[in-house]
Amino acid sequence: MKISGARTETFSAIRRRALADAAGVSAAPRGSVPVDKAGFLGLEPADLTPKVQAALQTLMSEVEDLRTEVSRLKYRLNEAETLADMDVLAPVLNRRAFLREVRRVSAFAQRYGSPASLVFFDLDNFKAVNDRFGHAAGDSALKAVAERLLANVRESDIVGRMGGDEFAVLLVQADKATAEMKGESLASAIRGVPVQFGEWSAPLHVSFGVREIEAGAEPEVSLAEADAAMFLKKRTRVNAG
C-alpha cells in the first residue's frame, strides 16, 4: 500500500539499520554493491565491526537452531502421521488408512486398467479363544495373523486390520482368480503353525472372501462385497460339514 508523501525504505536497508542499532553502531549508507557474504544482510564490509560480527554470529546460530527445530518437528509430524495410520494392536494399517489405500489403488486401476483385488479374512471361532483363555491370548492370536499375512505378501501389497478378528489384504496387479489362489495360500500360512500363549496352543483357522476392485468403486463397497463373499464361503463350508 502506497502512502502519499512517504519515502519507501528497502527491506535490506531496514534490516541493515536494525542490526547496526542492535550492535550499538550507526548504519553507514550503502555506497556500492557488497562483495562478501554479509551482502545478503544488506551490510557493507565497513559495517562489520566486532560488535556487528558478534551480532551476526548470534543471528546465524539462532537460524541454525531454528532449522534444527524445524527438522525435528517435521520428523515428529511424520512419525505421528505414521502412528495414526497403524492399528493399535497389530503391525498393520488400521481401517481408515487401509480404505484410503483402496481408494488410491482403485483410482490407479481406473486410469491404467490394471487389476487389483481385496481378500477379506475372518478368524473362525475366535470368540471361543477369548472366552476360554482371555483377551491376552486373543491379542496374541491377532498379532500372529497379522505377522503371517505380512510375511507372505509382496512389498507392493497392503495388509490392514478392519476391526475385531477381521483382516484384509489389498493385492495389486491381481485379478480375482489370482487373488483366490493367494487367499488359499495365506489361509494355509495362518493355520500352518500353532499359536501358543501360556497353556493354550492351537492352530488358527480363517475364512476368506475375494472381490476384484472395479475401476472407480467406493472402497467401503468393495470391502463390504469381499466381506459378503467371505461370509457366504464360511456358511457354505459349515453347512457342508
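Visitor: Does Glu101 count as buried or exposed?
Guide: Keep in mind that this is a predicted model. Glu101 counts as buried, because its relative accessibility is 14% and the cut-off for buried is under 20%.

Visitor: Which helix is Glu101 found in?
Guide: Glu101 sits in helix H3, which covers residues 95-112.

Visitor: And what does Glu101 touch, leaving out residues up to four places away in sequence?
Guide: With those left out, Glu101 touches Leu93, Ile158 and Leu170.

Visitor: OK, switching to Asp122. Where is Asp122 found?
Guide: Asp122 is in strand E1, residues 116-123.

Visitor: Buried or exposed, that Asp122?
Guide: Asp122 is buried, with a relative accessible area of 9%.

Visitor: What does the side chain of Asp122 make a polar contact with?
Guide: The side chain of Lys234, at 2.5 Å. Lys234 also turns up among the residues that Asp122 touches, once you set aside those up to four places away in sequence. That list also has Asp165, Glu166, His205, Val206, Ser207 and Met230.

Visitor: New topic, helix packing. At what angle do H5 and H6 pack?
Guide: About 135°, with the axes 9 Å apart. H5 is residues 135-151 and H6 is residues 176-192. That angle makes H5 oblique to H6, because over 145 would be needed for roughly antiparallel.

Visitor: Is the crossing of H5 and H6 left-handed or right-handed?
Guide: The H5 and H6 crossing is right-handed.

Visitor: Which residues meet there, between H5 and H6?
Guide: From H5 you have Val145, Arg148 and Leu149, and they meet Leu186, Ala189 and Ile190 of H6. The residues of that contact split into five nonpolar, no polar and one charged.

Visitor: Where is Asn125 found, and is Asn125 buried or exposed?
Guide: Asn125 is in the loop between E1 and helix H4, the latter being 126-133. Asn125 is exposed, with a relative accessible area of 65%.

Visitor: What about phi of Gln173?
Guide: Gln173 has a positive phi of about 55°, and it is not a glycine. Gln173 lies in the loop between strand E3 (166-172) and H6.

Note on methods
Residues numbered from 1 in each chain as written. Predicted model: local features only at pLDDT ≥ 70, side-chain atom pairs only at ≥ 80, totals over all residues. Heavy atoms only, no water. Helix = DSSP H or I, 4+ residues; strand = E, 2+ residues; numbered from the N terminus. Buried < 20%, exposed > 50% of the residue type's maximum accessible area, 1.4 Å probe, protein only. Polar contact = N/O pair within 3.5 Å; in protein donor to acceptor, adjacent residues only side chain to side chain. Contact = heavy atoms within 4.5 Å. Axes fitted to C-alpha atoms, helices over the stretch in contact; angles between N-to-C directions. Parallel < 35°, antiparallel > 145°, perpendicular 65-115°, else oblique. Left-handed = near helix turned anticlockwise from the far one by under 90°. Nonpolar A, V, L, I, M, F, W, Y, C, P; charged D, E, K, R; others polar.
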